[in-house]
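Dear colleague,

Please read it with the model open beside you.

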Amino acid sequence: MRIDDFYLSENERAALLSYSQKDTFPQTLLIEGGNMDERTDFARFIANMIVCQSESGKPCGKCGACIKCEARSHPDIKEYGEEKERYTFKVELSREIRSDAFVIPNDSDKKVYIIKEAQNMNDSSENALLKILEEPPYFDYFILTCSSRSAMLDTVLSRAVVLSLGFSEENYDGEVLGLCEGIINALCAGNELIMLEKLAPLADDKDAFLPVVGCLKRSFLEALKFKNGAAYQKTYENSVKTLSNKYSVNRLYSLITAAGELEANFRQNANYNLLVTYMSARLTDAVK
Ligand SMILES: [Zn+2]
């Protein structure tokens, strides 16, 4: 896998490449959003970046560490938690991680703990883990995955750099998908008036903004995958066909960037009515 296979904003992508080049990975990373498989894949990808022995272009895919990562047999990468929606992440598991964390690495000079679906931790598991996140040995890195950062304790969040794979896909419904298809059709038809009409429901429903922009971003990404000959998610089939007929790979990248900026604007509490109006201009601009 490559970094472009993940659903990241430009800023997050740049930050990750910089950590990798300068070997300055934050010791705690939290991956949120997307779906469960994507979160796990991304956590494994970053773990591979952290342990890769190459000087540049990590993960190189060729060094001894990368080969072990590929086979999922790297002794310094450990996975905890389960890849399923609901389970209980027991406090004993947090304690086990804590005591293991002090053992020096085997192969590498670093150790990576992937803690899957951390929203399933209760407060005592999180607090037990927090103790090691607060003062980790210099060789330890923790990558937590969770559906949304809002599921985690503030004390854990304050230790972590959050990487977002977009709005959690578990929250999309038919209405959001339908709205996105309408927006994409208007965009591809170059009809700004219809686009404004399609965006109108957002003006009265602030809660719909992130799901809709997230779903748009996802549609652009899936179209990009299709263009590159990769497998794409069938949920987005209508939009993927429309987008990939109309736009080049570069235009699709511009749209992904535009959607990422709109999410950031929303999170920075931009004036909401202006933001909905700006959204039409920003998307149209991305394909000019
Ligand atoms: Zn490597």
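Along the chain, the donors of the zinc ion follow the spacing C-x7-C-x2-C-x2-C. These protein donors are Cys-52 (SG), Cys-60 (SG), Cys-63 (SG) and Cys-66 (SG), lying 2.3 Å from the zinc ion, where donors are N, O and S atoms within 2.8 Å of the metal (3.2 Å for Na, K and Ca), and water is not among the atoms, so sites may look incomplete. The site is tetrahedral, with angles of 107 to 116° among its 4 donor atoms, a term that asks of four donors that all angles lie between 85 and 135 degrees.

Please keep in mind that this is a predicted model, in which local features need pLDDT of at least 70 and side-chain atom pairs count only at pLDDT 80 or more, while totals for chains, interfaces and linings use all residues. Residues are numbered from 1 along each chain as its sequence is written, and side-chain values use heavy atoms, with hydrogens and water left out.

The domain assignment, which is automatic or from a database, gives domain 1 (3-169) and domain 2 (172-286). Their contact (heavy atoms within 4.5 Å) takes 15 residues from domain 1 and 14 residues from domain 2. Between the two domains the count is 1 salt bridge, meaning a side-chain nitrogen of Lys or Arg within 4 Å of a carboxyl oxygen of Asp or Glu. The side chains of Arg-218 and Glu-38 meet in a salt bridge at 2.7 Å, N to O.

Conventions. Four donors count as tetrahedral if all angles lie between 85 and 135 degrees; four count as square planar and six as octahedral if opposite donors are over 155 degrees apart and all others between 65 and 115; anything else is irregular.
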